[in-house]
Amino acid sequence: MNKFLAATAIFLITASASVAGSFTFPADEPAATVEIPDDWQPTATDYGIEGNSPDAGTYISFDIAGVEDMDQVMTDVFAFLEENGVTPDPASQTESKGEQNGMPYETLSWKGTDKDGPVTIGVGFITLSDEKAAIVTYWASAETEEKNIPEVNKILESIKPAQ
């Protein structure tokens, strides 16, 4: 009986650690939904949602902006990164385009540093509609990125326009 209770407790702890919550954002004018695991401690922001991996090595956020606001959004993203000690190396910039859940996206990526050392930085734009885009800001330590990338990909694959 004790073995059964111990096994059940381990199963419940393991299951609850991987549970993902579905979040619609921003709260005042929902434009998109995304699933972020509870252990990433998702938190609402003014225009979206953010989370950190359990090992604190990977940060990801989702914000909504009007497509006409992209210049200001980029300014704000870089100010946010700078406030958090994240510095991209401009010479390392790469760009990619594609489709995510039927929505076009563009991504800019860099290698860089933060207070703890080398990081990968990414800023993505997912077109939700003619008027709205989801802005994804990401940075991950070189140490933990490989470990966290499968979960990051699941999070990214879950984004879709709000119904």
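The structure is a predicted model, in which local features need pLDDT of at least 70 and side-chain atom pairs count only at pLDDT 80 or more, whereas totals for chains, interfaces and linings use all residues. Residues are numbered from 1 along each chain as its sequence is written, and side-chain values use heavy atoms, with hydrogens and water left out.

**The chain as a whole**

The secondary structure comes to three helices and eleven strands, taken as DSSP runs numbered from the N terminus (helices are H or I of at least four residues, strands are E of at least two). Along the sequence these elements follow the pattern α-β-β-β-β-β-α-β-β-β-β-β-α-β. Of the 163 residues in the chain, 38% are buried, where buried means under 20% relative accessible area, exposed means over 50%, and partly exposed lies in between (1.4 Å probe, protein chains only). The chain exposes about 9700 Å², of which carbon and sulfur atoms supply 53%; these areas come from the Shrake-Rupley method with a 1.4 Å probe, and for residues only the protein chains shown count as cover.

**Helix α3**

Helix α3 covers residues 145-157, and its 13 residues should span 18 Å at 1.5 Å a residue, which agrees with the 17 Å between its end C-alpha atoms; the expected span is 1.5 Å times one less than the number of residues. Its buried residues are Glu 145, Asn 148, Val 152 and Ile 155. An α-helix has 3.6 residues a turn, so residues three or four places apart point the same way. The cover over the buried residues of α3 includes β2, β5, β8, β9 and β10.

**Strand pairing**

Strands are said to pair if DSSP finds at least two bridges between them.

| Strands | Sense | Bridges |
|---|---|---|
| β7 and β8 | antiparallel | seven bridges |
| β5 and β10 | antiparallel | nine bridges |
| β9 and β10 | antiparallel | nine bridges |
| β2 and β11 | antiparallel | two bridges |

In the hairpin of β7 and β8, two residues lie between the strands and Asn 101 takes a positive phi near 50°, while Glu 99 stands opposite Pro 104 in β8. Strand β10 is largely enclosed by the rest of the structure, because nine of its ten residues are buried. Gly 66 stands opposite Lys 132 in β10, and the bridge partner of Gly 122 in β10 is Tyr 138. A hairpin through four residues joins β9 to β10. In β2, five of the six residues are buried, and Thr 33 stands opposite Lys 160 in β11.

**Two threonines**

Thr 120 lies in strand β9 and is buried, with a relative accessible area of 12%. Its side chain makes a polar contact with the side chain of Lys 111 at 3.0 Å, a polar contact being a pair of N or O atoms within 3.5 Å, of which, within protein, one must be able to donate a hydrogen and the other to accept it, and residues adjacent in sequence count only if both atoms are side-chain atoms. Beyond residues up to four places away in sequence, Thr 120 touches Trp 110, Lys 111, Tyr 138, Trp 139, Ala 140 and Glu 145, where contact means heavy atoms within 4.5 Å.

Thr 24, in strand β1, is partly exposed, with a relative accessible area of 41%. The C-alpha atoms of Thr 24 and Lys 160 are separated by 9.5 Å, although these residues are 136 residues apart along the chain.
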